[in-house]
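User: I am new to reading protein structures. Can you take me through one, feature by feature?

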Amino acid sequence: MQQESNKNRIDARFANLAENKECALVCYVVAGFPDFQTTAQIIDALVEGGADIIEIGIPFSDPIADGPTIQRASQAALERGSTPAKALQLAKQVRKKHPSLPLLVMTYSNLFVKPGWGDFIAKCKEAGIDGFILPDMPVEEASEYLPKAAHNGMATVFLASPNTPEERLKKIAQNSSGFMYLVSVYGITGARRTFENYTKDAVQRAKKAAGGKIPVGVGFGISKPEHARFMVNAGADAIIVGSALVDRISNAKNNRKAMLKELKAFSASLKKACYSSRA
């Protein structure tokens with residue numbers, strides 16, 4: 001696919017999807033889990049299945065927003081030698097193969113603080129990254145982060161939760177770029193059986209705060225197509241899937257061929273739900 005325009009790849013992809021009345025499928029992978037070669041193949045499989053945006057998770061030793069599934073995968077990746085530099089090398093590899101694919105880094109602020117915000121953001125840009133999701137970065141404390149990200153043309157995806165007050169929702173929407181990330185449930189990441197009506201209300205409140213100026217993506221707990229349909233019917237512009245993918249990778253990591261086949265099929269089933277729910 002050719003790059004849709006010269007603007008940020010995330011904005012371009014959402015604009016393209018909006019024209020076709022499609023919801024975006026955002027898929028999360030842990031860089032270096034089960035190993036870097038396989039992570040690159042996993043991304044290929046997810047894109048072949050229909051993923052619109054890939055989140056590359058850079059493992060961090062204290063992942064406060066992540067549940068047991070992603071914590072275990074991140075720890076395993078760290079023990080196998082995953083580093084931010086290697087994760088960015090993976091991003092370069094993916095960028096070369098998928099020139100128009102939006103790529104986000106999801107990690108924690110310490111990785112930026114240690115080398116310096118400007119330095120690490122510039123390295124991410126050089127690697128082909130389009131933006132960041134930093135779960136531990138409150139919008140109120142982003143005065144150093146925001147201008148440096150903007151200077152490099154990077155999207156800044158801030159998180160909101162179901163109980164975020166109206167005024168703060170507006171502030172998050174105003175300072176987010178790329179999309180706004182609504183956490184679907186109270187708590188940490190991890191697959192869930194069902195969602196409550198409060199999630200639907202939260203999506204609608206986030207959409208109202210966004211005012212049509214920025215897409216709203218919903219993540220945490222989405223593990224099957226019916227969950228995707230629930231979110232899209234509630235008004236979500238993107239569904240974000242992480243733990244359900246990592247679970248499949250963990251369960252089949254000793255049979256790479258079968259794992260990649262299953263991930264491609266799972267991605268396709270989620271994307272189909274995105275289509276059918278907007279039809």
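**Reading the model step by step**

Analyst: Start with disulfides: the structure holds 0 of them. Keep in mind that this is a predicted model.

User: What is a disulfide, in general?

Analyst: A disulfide is a covalent bond between the sulfur atoms of two cysteines.

User: Are Cys 23 and Cys 27 buried or exposed?

Analyst: Read the relative accessible area. Under 20% counts as buried. Cys 23 has 0%, so it is buried. Cys 27 is buried too, with 0%.

User: Which residues touch the most others in the largest nonpolar core?

Analyst: That core has 101 residues. Ile 54, Phe 132, Tyr 145 and Ile 239 touch the most other members. Take Tyr 145 as an example. Leaving out residues up to four places away in sequence, its contacts include Trp 117, Ile 121, Phe 132 and Leu 134. Met 137, Ala 155, Thr 156, Val 157 and Phe 158 are also among them.

User: How do I read a pair of helices?

Analyst: Begin with the helix itself. An α-helix has 3.6 residues a turn, so residues three or four places apart point the same way. Then ask how two axes meet. Helix α2 covers residues 36-49 and helix α4 covers residues 84-97. Their axes come within 10 Å and cross at roughly 40°. The crossing is right-handed.

User: Which residues of α2 and α4 meet?

Analyst: From α2 come Phe 36, Thr 39, Ala 40, Ile 43 and Asp 44. From α4 come Lys 86, Ala 87, Leu 90, Gln 93, Val 94 and Lys 97. By type, the residues of this contact split into 6 nonpolar, 2 polar and 3 charged.

User: What does Thr 39 touch?

Analyst: Thr 39 lies in helix α2. It is buried, at 0% relative accessible area. Beyond four places in sequence, Thr 39 touches Val 29, Val 30, Ala 31, Gly 32, Phe 33 and Leu 90.

User: Where is the cis peptide bond?

Analyst: Check omega. The bond joining Phe 33 and Pro 34 is cis, with omega about 0°. Pro 34 sits in the loop between β1 (24-30) and α2.

User: Which residues have a positive phi although they are not glycines?

Analyst: Phi is a backbone angle to check residue by residue. Lys 21 has a positive phi of about 55° and is not a glycine. Lys 21 is in the loop between α1 (9-19) and β1. It counts as exposed, at 62% relative accessibility. Phe 220 has a positive phi of about 85°, again without being a glycine. Phe 220 is in the loop between β8 (216-219) and α10. At 6% relative accessibility, Phe 220 is buried.

User: What happens in α10 and just after it?

Analyst: Helix α10 covers residues 225-234. Its buried residues are Pro 225, His 227, Ala 228, Met 231, Val 232 and Ala 234. Just after α10 comes Gly 235, with a positive phi of about 120°.

User: How do I compare separation along the chain with separation in space?

Analyst: Val 185 and Gly 221 are 36 residues apart along the chain, and their C-alpha atoms are 7.7 Å apart. Val 185 is in the loop between β7 (180-183) and α9 (197-210). It is buried, with 6% relative accessible area.

Now take Gly 128 and Glu 140. They are 12 residues apart in sequence, but 27 Å apart in space, C-alpha to C-alpha. Gly 128 lies in the loop between α6 (117-127) and β4 (131-133). It is buried, at 7%. Beyond four places in sequence, Gly 128 touches Arg 9, Arg 95 and Leu 103.

Methods: Residues are numbered from 1 along each chain as its sequence is written. This is a predicted model: local features need pLDDT of at least 70, side-chain atom pairs count only at pLDDT 80 or more; totals for chains, interfaces and linings use all residues. Side-chain values use heavy atoms; hydrogens and water are left out. Buried means under 20% relative accessible area, exposed over 50%, partly exposed in between (1.4 Å probe, protein chains only). Helices (H or I, at least four residues) and strands (E, at least two) are DSSP runs, numbered from the N terminus. A disulfide is a pair of cysteine sulfur atoms within 2.5 Å. A nonpolar core is a set of buried Ala, Val, Leu, Ile, Met, Phe, Trp, Tyr and Cys residues joined through side-chain atoms within 4.5 Å. Contact means heavy atoms within 4.5 Å. Axes are lines fitted to C-alpha atoms, for helices over the stretch in contact, and angles run from 0 to 180 degrees between N-to-C directions. A crossing is left-handed if the near helix is turned anticlockwise from the far one by less than a right angle, and right-handed if clockwise. Ala, Val, Leu, Ile, Met, Phe, Trp, Tyr, Cys and Pro count as nonpolar, Asp, Glu, Lys and Arg as charged, and the others, Gly among them, as polar.
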